[in-house]
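I opened the model to look up a few local features, the surroundings of its ligand and the packing of some helices. My entries follow in the order in which I went through them.

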Amino acid sequence: MDKNNNKKIAFVTGGSRGIGKAIVEKLGKENYLVGFNYVNSEKKANTFINELKANGIEAFCKKFDVSDYNQTAEAIEQIQEEYGNIDILVNNAGITKDKLFSRMKEADFDNVINTNLKGVFNCTKQVTNKMMRQKFGRIINLSSIAGIIGNIGQASYSASKAGVIGFTRTLAAELGGHGITVNAIAPGFIKTDMTDVLSETVKENILNLIPLKDIGQPDDIANMVAYLAGDSGRYITGQVISIDGGLSAI
Ligand code: NAP
């Protein structure tokens, strides 16, 4: 915290688009020094940084692939040297490679697990020792309703997101005594590039199943992240918070 006028540092993986972008914006407005990474969207990331700065938000971004342990370790070490310890880590980066299991290729399964689950390990591993030393930390992992109830065509994705839940609960138990909270958010259907690729028929079918009869917005998730990251989240750990318009309640 010392290198940044006592601002807490929040780092969001996959902040160039969608939910991650909304989280970066929200935490920036709440006066954290915010950083994010991306793997492909260099132009979008730089435009976003310029927008944040124009709005008086201190922000930085870095390109690295969360599924690559060494790349992640090196990048996060550089961030810590330049800006100080990461106080809030939001493991948001994620991908889908949806296919019915009978057609699912091993490489696609590995890719999803390595990004969505191993990526959470890779990033978390770089921050927990420092969080333990400073006796403060917040780790917020993006799971999914698919990790709780499963979803046709998403065996790899559901497995990765169920893994994130097990990881979250275990770390909450291990790290609670060190002033670190660890929680997961399980979004339902949120309007981003990830869901825009679905056909109109699929979208309509999902909409019909949602009790609130509305598609979620990235801000619906960002607001919960801010709640968990702040003093408001002080006594919440090991939880999986569904934000899905009631989809998991039926
Ligand atoms: P999105 O719009 O597809 O954005 C994904 C983000 O993750 C991008 O910033 C992307 O970077 C980054 N990313 C992907 N692979 C990466 C890698 N290997 N290393 C670093 N960054 C990587 O996704 P979203 O809908 O916002 O989803 C965000 C999170 O919420 C994901 O974990 C997703 O599984 C979860 N979620 C989403 C929904 C939903 O309905 N949208 C529902 C449940 C859970 P680039 O821009 O560089 O590609």
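Between which two helices does the loop with lysine 213 lie? I find lysine 213 in the loop between helix 9 (200-209) and helix 10 (218-229), where helices (H or I, at least four residues) and strands (E, at least two) are DSSP runs numbered from the N terminus.

Before going on I note that this is a predicted model, in which local features need pLDDT of at least 70 and side-chain atom pairs count only at pLDDT 80 or more, while totals for chains, interfaces and linings use all residues. Residues are numbered from 1 along each chain as its sequence is written, and side-chain values use heavy atoms, with hydrogens and water left out.

**Backbone.** Lysine 213 has a positive phi of about 50 degrees although it is not a glycine. I looked up asparagine 31 as well, which is not a glycine either and has a positive phi of about 75 degrees; asparagine 31 sits in the loop between helix 1 and strand 2.

**Ligand.** I count 32 residues around the ligand, of which Asn40, Ser41, Asn92, Tyr157 and Thr192 come nearest (a residue is near if one of its heavy atoms lies within 4 Å). By type, this shell divides into 13 nonpolar, 15 polar and four charged residues, with Ala, Val, Leu, Ile, Met, Phe, Trp, Tyr, Cys and Pro counted as nonpolar, Asp, Glu, Lys and Arg as charged, and the others, Gly among them, as polar.

Taken alone the ligand exposes 900 Å², and the protein buries 96% of that (Shrake-Rupley method, 1.4 Å probe; for residues, only the protein chains shown count as cover).

**Helix packing.** Helix 4 (residues 106-125) packs against helix 7 at an angle of about 20 degrees, with the axes 8 Å apart; axes are lines fitted to C-alpha atoms, for helices over the stretch in contact, and angles run from 0 to 180 degrees between N-to-C directions. I therefore record helix 4 as roughly parallel to helix 7 (under 35 degrees; over 145 is roughly antiparallel, 65 to 115 roughly perpendicular, the rest oblique).
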